[in-house]
Amino acid sequence: MSLAFDEFGRPFIIIKEQGNKTRVKGIDAQKANIAAAKSVARTLRSSLGPKGMDKILQSPDGDITITNDGATILEQMEVEHEIGKLMVDLSRSQDFEIGDGTTGVVVLAGSLLEQAETLLDRGIHPLRIAEGYEMAAKVATKELARISEKFEFDVNNIEPLIQTCMTTLSSKIVNRCKREMAEICVKAVMAVADLERKDVNLDLIKLEGKVGGKLEDTMLVNGIVLDKDISHPQMPKEINDAKIAILTCPFEPPKPKTKHKIEIDTVEKYEELRQQEETYFNDMVKQCKDSGATLIICQWGFDDEANSMLMQQKLPAIRWVGGVELELLAIATGGRIVPRFTELTPEKLGSAGKVRELAFGTTKDRMVIIEDCAASKAVTVFVRGGNKMMVDETKRSLHDAICVARNLVRSNNIVYGGGSAEVACAIAVEEEADKIATVEQYAMRAFADALDAVPTALAENSGLAPIETVANIKAQQLKEKNPFLGVDCKETGTNDMKSQGVFETLIGKQQQILLATQVVKLILKIDDVIISGDADM
């Protein structure tokens, strides 16, 4: 311990090796970072593939989530380590960009870091490893493009899309009825797809769920489902050729903007006030009626008096509809959102072919379905399930499949699944490594070994002998020059993924390799971890 003075002459004490308490440097920093990333990847490894296991996550509030979706697991896990948080961001970016493959990308990144650890022990500099990985990633993405196949589909032939969505759903909880679910997802995407521009607006596909019924009751609604009911029990429950007024103004008299009190001391004054309120209500209902509206959808609530008047005027209404649903309704029905009753005109009304209220079983639950919207095709996938967790996980699974179908509309190149693409890339990277004279060749071979982690995890999760299975597939691919041979997870008797119909999108697989390589490079370049504010003076 020694005494020192700062530039203002103030004394302070320096404790020996104080910085070491919260500071990790050099190879130790890299090892610590790799260990943190590996532990996150190891958590997800058992969730990969059609036989992957689910995880149960409990939030601090006691809410329970059961899922095997990589992005959801990592988002809900409390990851304290800063490098662990990078892995969470990695799966999130894969989710935002592609929508599927969130587990695979983290498993690959964890495997690349595991291989990098061995190279560091052999004395190879982290930057040389990072450069070798970058070179290998370019070779792998080029190889993926080479072995990819185009498949043609159109509105009348959607079978290839359904097959690809079935591959995505086979690793999810809904795999027992994946065919029906894949058809629903593909029909939803094709309903809103612009095939000329090769674009799909996912905002027009809404996922709604209701507990009750069975998974097979899940259906595709050509319109919008609102989790609301018609405000008065005596209003009609079915409206054909509806003209819809979408309001963001409440059905109530305007409140005085001043802070003064109004004292009512006689019956006459009270009667006058009541009369005034009734006139307001009558004017509001009359404006709605005069515009030609046959259904009122309001963002705010309205009291029993307004509700009763609407019922007497035979004007059905739905109240407390959220802002997102209002916007979707306006897009789908061609209506305008009206902020004031005075602005309500016939041109601002939306139109829909049919509006009906659905009832469920013995419960009092009601939902409103708005079908055959005029302006654009908005669709809703309405999910049923035995409990809330089942419904939520089904919605997450269908979201992944919808994203895959969307990616195929944008680019119809596919590679084959079951680890076949990774094995083919590993073989290509190893061949390329033999042509490199510098130290980077070791990193490239390590990259090839890391790619084997995906088929190994698939075999392991399917109850097969992992090393033996992957070695056999690799030998078979080299011998037959067939890049479509992968892990036979379902034990159908053939390793040919093409005949099994196990597809994945090319852009999804390329994105996995590129994102994992970027994050691994970032982690390898860190050689000093400084945690501020924790040191004891």
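The structure is a predicted model in which local features need pLDDT of at least 70 and side-chain atom pairs count only at pLDDT 80 or more, whereas totals for chains, interfaces and linings use all residues. Residues are numbered from 1 along each chain as its sequence is written, and side-chain values use heavy atoms, with hydrogens and water left out.

The chain is divided into domain 1 (21-150 + 416-532) and domain 2 (223-375); these bounds come from an automatic or database domain assignment. The C-alpha centres of domain 1 and domain 2 lie 53 Å apart.

The interior can be described through nonpolar cores, each a set of buried Ala, Val, Leu, Ile, Met, Phe, Trp, Tyr and Cys residues joined through side-chain atoms within 4.5 Å. Here buried means under 20% relative accessible area, exposed means over 50%, and partly exposed lies in between (1.4 Å probe, protein chains only). The largest nonpolar core has 86 residues, and Leu-226, Leu-247, Phe-251, Ile-296, Ile-297, Leu-310 and Ile-370 have the most contacts inside it. At least three residues of this core come from each of domain 1 and domain 2. Apart from it lies another core, of 56 residues, among them Val-415, Met-444, Leu-506 and Ile-513.

Leu-247 illustrates the packing in the largest core. With neighbours within four places in sequence set aside, the contacts of Leu-247 (heavy atoms within 4.5 Å) include Cys-288, Ile-296, Ile-297, Leu-326 and Phe-341. Cys-288 belongs to helix H8, where Phe-281, Met-284 and Val-285 are buried as well. Helices (H or I, at least four residues) and strands (E, at least two) are DSSP runs numbered from the N terminus. An α-helix has 3.6 residues a turn, so residues three or four places apart point the same way. Helix H8 (residues 267-290) has 24 residues and spans 34 Å from its first C-alpha to its last, close to the expected 34 Å, a value given by 1.5 Å times one less than the number of residues. The buried residues of H8 pack against strand E12 (238-247), strand E13 (295-298) and helix H9 (304-312). Just after H8, Gly-292 takes a positive phi of about 95 degrees.

Trp-320 lies in the loop between strand E14 (317-318) and helix H10 (323-333). What is the relative accessible area of Trp-320? The value is 51%, so Trp-320 counts as exposed. Beyond residues up to four places away in sequence, Trp-320 touches Lys-228, Cys-298, Gln-299, Trp-300 and Gly-301.

Helix H14 (residues 453-461) is mostly covered, with eight of its nine residues buried. These buried residues pack against helix H1 (26-45), helix H4 (102-121), helix H12 (420-433), H13 and helix H15 (466-480). Gly-463 follows H14 and has a positive phi, near 80 degrees.

Strand E19 pairs with two other strands, where pairing requires that DSSP find at least two bridges. Strand E6 (residues 149-150) and E19 are antiparallel over two bridges, with Lys-150 the bridge partner of Asn-413. E19 and E20 are also antiparallel, over three bridges, and Tyr-416 stands opposite Phe-503 in E20. In a regular strand the side chains alternate between the two faces of the sheet. In E19, Asn-413 and Val-415 point one way and Ile-414 and Tyr-416 the other, and all are buried. Val-415 is also one of the contacts of Lys-509, together with Leu-144, Glu-422 and Glu-504, neighbours within four places in sequence being left aside. Lys-509 lies in helix H17 (residues 506-524) and is buried, with a relative accessible area of 5%.

Aromatic rings form the last topic. Rings of Phe, Tyr and Trp (its six-membered ring) pair if their centres lie within 6.5 Å; planes under 30 degrees apart count as stacked, over 60 as edge-to-face and the rest as tilted. By this rule there are three aromatic pairs. The rings of Tyr-133 and Phe-447 have centres 5.7 Å apart and planes at 65 degrees, so this pair is edge-to-face. The pair links distant parts of the chain, with Tyr-133 in helix H5 (residues 126-147) and Phe-447 in helix H13 (residues 440-451), 314 residues apart. Both Tyr-133 and Phe-447 are buried. Tyr-416 and Phe-503 form a tilted pair, 5.4 Å centre to centre with 55 degrees between the planes. Tyr-416 lies in strand E19 (residues 413-416) and Phe-503 in strand E20 (residues 503-505), 87 residues apart. Tyr-416 is buried at 5% relative accessibility, and Phe-503 is buried at 13%. Together with Phe-484, these two residues form one aromatic cluster.
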